[in-house]
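Walk me through this structure.

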Amino acid sequence: MAKSLFEEKLNSGKFLITTEVGPPKGADITEMVHHIELLKDRVDAINVTDHQSSVMRFPSLGGCLVIREHGGEPVFQMTTRDRNRLALQADLLLAYSRGIKNVLCLTGDCVAVGDHKEAKPVFDLDSVQLLKMIKVMESGKDLGGNELKGAPEFCIGASVHPATDSIEPQLIKFDKKVEAGAQFFQTQGIYEVNCLRRFMQYASQFNVKILAGIIVLASARMAQYMNDNVPGVIVPQAVIDELAAVEKGKGLQKGIEIAVRLIKTIKEENLCHGVHIMAVGREGIVPDILDAAGLGVSMHA
Amino acid sequence: MIVAEQKPLEEIGRMIVPYEKILILGCGTCMTVCGAGGEREVSLLHRALSVAQARGGNEAHSFSEYTVKRQCDFEFLDVLVNRVDEVDAVLSLACGVGVQVLAERFPDVPVLPGVNTSFMGAYKEWGVWDERCAACGECRLAETAGICPITRCAKGILNGPCAGSKNGKCEVNKDVDCAWVLIYKRLEKLGQLEKMRRYYPPRNFRPTHRPRRIVSRADISIQEGVNG
Amino acid sequence: MCSVSMDASKSNHVYNVKKASFDHTLMPPCQASCPLHMEIREYVDLIAQGRIMEALQVIRDGNPFPSICAYVCTHPCEDACRRGQVDKPIAIRALKRFAVEFGGDRMIRTEGKTVHGEKIAIVGSGPAGLSAAYYLRKSGYPVTIFEAYSELGGMLRVGIPRYRLPREVLDTEVQRLIQMGIEFKTETPVVSLDLLFKMGYRAVFITVGAHQGLRLGIEGEESPGVVDGATFLREINLGLKPSIGEKIAVVGGGNVAIDAARTALRLGAKKVRILYRRSREEMPADHTEVEQAIEEGVEILFLVTPTKIESQDGQLGVTCIRMELGEPDASRRRWPMAIQGSEFHIDLDTLITAIGQAPQVPDDFRLRIGRGSTVRIDPVTLITNREGVFAGGDAVTGPATVVQALATGRQAALRIDEYLQHRYPSAGKDEKEALMGDLLPKTVEAIRKLSRFEPPTLPPQTRATEFEPIELVYDWGSAINEARRCLRCGMGAEILFQDKCATCLTCLRVCPYHVPYLDDSGTVQIPADQCQACGICVAECPAKAIVLRKPQDRRQIDEELDHVLRSATQSKVKPLIIGFCCQYGLYGTGALASLWREAKAGIWIVPVLCVAKIETEHILRAFEIGAEGVFIAGCGQEQCAREDTSFWALQRIGKAKRVLAQIGLEVERLQAFNLYANEEDTAKALDKFTEQIGELYLASAIKQEVKT
């Protein structure tokens with residue numbers, strides 16, 4: 001019996017599509033609701049980011065609740081940067097009770113890169129320990145060894161970054177996450193399929209589902225910036241050049257084109273189990289991408 | 001080594017405002033080694049405050065100087081009794097430990113900290129000090145080839161690296177090495193990579209709960225001692 | 001003005017302050033090897049600072065006749081000089097000559113006053129006798145010197161040729177002694193010591209020297225045309241002009257042989273040869289003399305000795321034989337042995353024998369005579385077998401050096417004084433510990449190699465025709481730059497306050513010569529025999545545990561600042577600018593000299609012995625005592641005699657600037673001149689700086705007005 005709708009989809013063997021919504025910096029969630037409405041029937045699940053880049057926002061848990069209210073399937077992104085093990089466990093109990101049953105376990109970005117640079121970084125746990133903690137809760141106990149009155153059950157996932165220069169430490173980490181019980185992985189943005197191919201050669205030995213991350217670029221400058229500053233992202237020179245070649249104003253269009261091309265390649269060559277589309281603030285264009293890629297005919301929960 | 005940095009002159013200037021006669025007290029151990037509060041720094045601070053005073057045209061303060069071997073053991077402070085009586089405040093250039101022991105020893109005189117104690121660290125190159133130990137109370141350097149993940153990893157995680165590691169550097173600062181890449185490399189050299197493949201459960205933070213104390217003496221009753 | 005300089009009584013440990021006033025310098029090898037124990041390191045350092053008259057004063061304190069030594073001393077100090085382990089030894093004798101000539105030695109007068117009644121007789125007016133006379137006269141004794149020849153000076157007059165020691169120099173010294181009240185009786189050979197005592201002298205010092213030439217012991221030695229070397233030189237020095245012909249040979253390898261050969265050249269001989277029975281390495285003569293002789297055209301035949309002399313029609317036919325070196329003899333030189341059948345013949349007009357001299361002491365003196373006809377004495381008290389009769393100089397040692405004779409003279413004066421005042425002979429001055437040990441290869445590597453500034457000489461062609469002095473005196477630039485090569489052995493840094501030392505390893509890390517090291521017990525040691533006395537570690541030590549061994553060096557800058565404080569407060573000229581200027585470079589580079597000379601009113605120079613010694617506290621103190629602007633001027637990294645000094649000076653300036661910024665003072669008020677790049681025109685740069693400070697001063701004065 002699948003723990004969640006998304007888990008069913010995972011086990012169904014279909015080409016998986018997930019995407020994400022970024023919550024607002026404030027109490028006004030109108031736009032987020034709009035995006036949720038736009039996407040909930042087109043994808044298998046929607047992630048809600050958790051203070052992405054350490055910028056304070058409306059909480060991921062809140063966003064997942066909203067998705068549930070509107071009939072969508074949420075993936076609760078949970079970082080260990082801001083809450084200790086008591087708070088994390090409590091949030092998970094709440095999530096489960098509200099039908100939020102997919103959790104993406106992350107360590108989270110450093111406080112130093114965000115907009116509250118004087119805040120205290122918590123990091124009571126890391127991503128692997130978080131995965132294990134969920135397993136412990138599923139067994140009916142909390143991390144203190146006490147009996148739970150009502151044990152939760154989750155479909156758990158983690159992140160992996162195949163496009164990295166020194167792959168061996170990353171693979172060691174990947175192994176640990178698989179061993180800890182991760183069922184699915186969403187990768188950081190990929191721009192070069194060979195990289196994905198190489199990674200899948202290693203990862204296919206495990207019974208886990210890999211969703212390739214697709215980040216939509218809007219300009220050559222954005223691509224260069226990501227190359228220089230964002231860990232786990234390598235944008236090949238060819239792609240940067242492609243973006244640089246277009247006239248002003250047509251950057252996003254080209255970015256979408258590149259994204260669609262990648263998705264199509266992945267699907268046609270069956271490189272991995274699906275894609276995770278990250279629009280980085282431009283959630284509105286995701287349906288266009290799906291259309292162009294020929295994906296996401298209405299999914300009804 | 002405990003490493004500290006002298007507070008900005010402006011802040012010290014504000015701290016000493018209410019006091020007329022001030023003893024600038026240096027420390028001859030860690031603060032000397034890291035160049036933040038030894039005899040030379042005491043004399044330098046004295047000069048700096050005096051120049052500021054001379055230029056400001058007021059003569060609000062008069063300073064005296066002294067340096068003891070350490071301020072963190074109260075026996076070293078006994079020699080100061082008369083000097084402390086003569087002043088209105090002591091501006092201590094010792095680390096936080098020394099300042100507190102000093103304050104406890106001389107509760108009737110205000111003790112002001114002249115340095116910001118930063119960390120326990122080591123000399124890297126001339127004028128450069130790196131933090132090495134966070135006093136976590138659960139040293140795991142055997143598992144990480146002698147590289148501490150608490151002090152050298154920005155997130156202090158035990159199952160690293162995180163997603164923020166790029167080109168062997170940390171996402172926080174391109175000049176900072178990713179500790180877990182360093183650990184990987186050194187474990188590989190030692191042929192001990194299985195230590196990195198192991199799962200490390202969440203940290204036990206109990207040793208860090210404050211206030212902390214270590215009791216190293218044995219307390220045995222006479223009976224125990226006699227009867228064995 | 002507030003906060004006076006850190007007073008001794010307010011410093012950390014009172015007893016440490018006392019400790020800090022002790023002299024911990026070690027005696028350098030130059031001083032240790034000098035028979036007079038002259039303070040060579042001190043006067044060379046003074047010359048390096050351009051303080052020539054003070055250098056001369058130091059020289060005069062240790063040497064009764066600096067001008068004579070400046071010309072002819074065999075400089076054992078240079079042989080011992082440790083700079084020789086890096087490149088070439090310091091040209092100490094030439095520097096002494098420079099100090100004597102430029103420091104106005106000729107103008108110095110010495111006084112003599114009679115305090116004691118006991119008359120003292122000195123037999124022989126050579127250097128030992130003159131030296132003893134000088135010191136005895138200074139102690140207040142009436143002294144009479146008896147001299148057999150018509151002129152005074154002993155070997156100085158009759159042995160050393162005029163091209164090495166000019167007559168006027170010796171005359172000046174003798175004049176000074178006469179002015180002191182010393183009585184001289186020339187052409188008065190002493191034949192009886194009993195007579196001297198009858199005449200009322202209470203003590204006698206025998207310094208008859210060694211003038212009797214040794215005989216070769218070969219057939220034909222009595223022939224006319226064969227003359228003893230010492231006699232030959234004496235006759236010429238006393239004014240005679242013997243005709244020696246054109247073809248001359250000199251037998252011997254010591255300084256007398258070389259002197260005889262070179263004198264022969266100057267008398268017009270066309271072919272002068274030296275016959276020496278051993279090889280070049282064993283030649284006892286000063287190697288500079290040998291080189292100069294060869295330059296002038298003297299031919300030296302090594303491993304050759306004459307065996308027979310035949311005289312015919314005024315010409316000499318000399319049979320010589322070749323030698324080879326066998327086993328070492330008592331003097332540890334290899335014994336020469338004749339090679340059978342290697343005889344050859346040379347024709348000469350004159351043959352000069354110079355194989356050694358012995359003293360000639362009249363039997364009537366009834367003195368115990370030892371090997372080589374020398375007088376036997378007690379080595380400590382210098383007394384002979386006769387009561388009240390002392391002896392010293394060549395008469396005791398056989399032919400030796402001038403400086404040894406001067407030292408003996410000084411010692412004799414002390415012993416005679418003790419004898420006459422019925423005191424026990426003192427054990428000798430508390431000798432300072434001598435510096436031992438050679439420079440380690442790693443130290444030598446870090447020391448910049450600098451060529452020795454050789455003292456200028458007349459060209460060989462000019463030299464060989466006249467008796468003018470060969471060696472010329474240094475010019476200022478050469479003298480100062482040569483003096484700056486000195487390694488300052490034994491006056492470096494030491495960790496005086498080991499209790500303050502936190503073993504932070506700063507001294508290890510900053511030393512350009514890698515001198516401080518961690519010993520097995522984990523204690524930092526700064527070995528005195530390696531330290532180059534640059535002063536960097538002293539100023540960097542965070543615990544102030546390191547000091548310079550010389551007490552005068554320790555508080556030098558603080559004392560100069562105090563002096564400025566006292567003087568500047570009296571002066572009304574504003575704004576006050578204080579400049580820390582290196583003393584060495586002031587004269588050495590010339591650029592900084594212009595700084596000193598052009599300094600306008602309101603600028604106070606604090607002289608420092610190298611900018612490496614300036615601490616950040618000194619810079620701040622300058623501002624504290626009211627300076628509106630402060631500058632530091634050094635020799636620049638290339639000119640400075642030590643490494644890394646500019647770097648550290650700039651570090652301390654940087655630290656001071658940080659403080660200025662925090663206080664709200666403009667960082668332009670602190671400037672460095674000539675530390676890295678040589679200033680095009682330091683005077684101009686200083687002018688510009690002065691203008692800037694003037695403007696800042698005006699601006700802040702206006703602000704003050706506005707406030708009030």
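What covers the buried residues of H7(C)? The cover includes helix H2 (29–33), helix H3 (40–48), helix H4 (52–62), helix H5 (66–72), helix H6 (76–80) and helix H19 (476–483) of chain C. Contact here means heavy atoms within 4.5 Å. Helices (H or I, at least four residues) and strands (E, at least two) are DSSP runs, numbered from the N terminus.

First, the conventions. This is a predicted model, in which local features need pLDDT of at least 70 and side-chain atom pairs count only at pLDDT 80 or more, while totals for chains, interfaces and linings use all residues. Residues are numbered from 1 along each chain as its sequence is written, chains are lettered from A and ligands numbered from 1 in the order in which they are written, and side-chain values use heavy atoms, with hydrogens and water left out.

Back to the helix. H7 of chain C spans residues 92–102 and is mostly covered, with nine of its 11 residues buried. Buried means under 20% relative accessible area, exposed over 50%, and partly exposed in between (1.4 Å probe, protein chains only). The buried residues are C:Ile92, C:Arg93, C:Ala94, C:Leu95, C:Lys96, C:Arg97, C:Phe98, C:Ala99 and C:Val100. After H7(C) comes C:Gly104, with a positive phi near 75°.

Now the domains of chain C. The domain assignment, automatic or from a database, gives domain 1 (24–109 + 436–483), domain 2 (119–211 + 359–420), domain 3 (212–356), domain 4 (493–552) and domain 5 (555–707). Take domain 1 and domain 4 of chain C. Their C-alpha centres lie 29 Å apart. In the contact, 14 residues of domain 1 of chain C meet 11 residues of domain 4 of chain C. The two bury about 1100 Å² between them, 51% of it on carbon and sulfur atoms. Buried area is the accessible area (1.4 Å probe) that two parts lose on being put together, summed over both. On the domain 1 side, C:His24, C:Lys442 and C:Thr443 lose the most area to domain 4 of chain C, together 40% of what that side buries.

What links these two domains? The salt bridge count between domain 1 and domain 4 of chain C is zero. A salt bridge is a side-chain nitrogen of Lys or Arg within 4 Å of a carboxyl oxygen of Asp or Glu. Seven residue pairs are in polar contact across this interface (both at pLDDT 80 or more). A polar contact is a pair of N or O atoms within 3.5 Å; within protein, one must be able to donate a hydrogen and the other to accept it, and residues adjacent in sequence count only if both atoms are side-chain atoms. Helix H17 (residues 441–446) of chain C gives the most to the domain 1 side, with three residues.

Next, chain C against chain B. The contact takes 40 residues from chain C and 30 residues from chain B. About 2900 Å² is buried between them, and carbon and sulfur atoms give 54% of that. There are six salt bridges between chain C and chain B. C:Glu628 and B:Arg55 meet in a salt bridge through their side chains (3.2 Å, N to O). On the chain C side, helix H20 (506–510), helix H21 (536–540), helix H26 (616–624) and helix H27 (645–663) give two or more residues.

Chain B itself is divided into domain 1 (2–119) and domain 2 (135–197). The C-alpha centres of these two domains of chain B lie 38 Å apart.

Chain B also touches chain A. Here the contact takes 32 residues from chain A and 29 residues from chain B. About 2500 Å² is buried between chain A and chain B, with 57% given by carbon and sulfur atoms. The salt bridge count is zero, while 16 residue pairs are in polar contact (both at pLDDT 80 or more). Helix H5 (127–138), helix H6 (167–180) and helix H8 (220–229) of chain A each give two or more residues to this side. H6(A) gives the most, with six residues.

One last stop in chain A. A:Thr49 lies in the loop between strand E2 (45–48) and helix H3 (60–69) of chain A. A:Thr49 is buried, with a relative accessible area of 3%. Leaving aside neighbours within four places in sequence, A:Thr49 is in contact with A:Glu20, A:Val21, A:Gly22, A:Pro23, A:Ser60 and A:Gln77.
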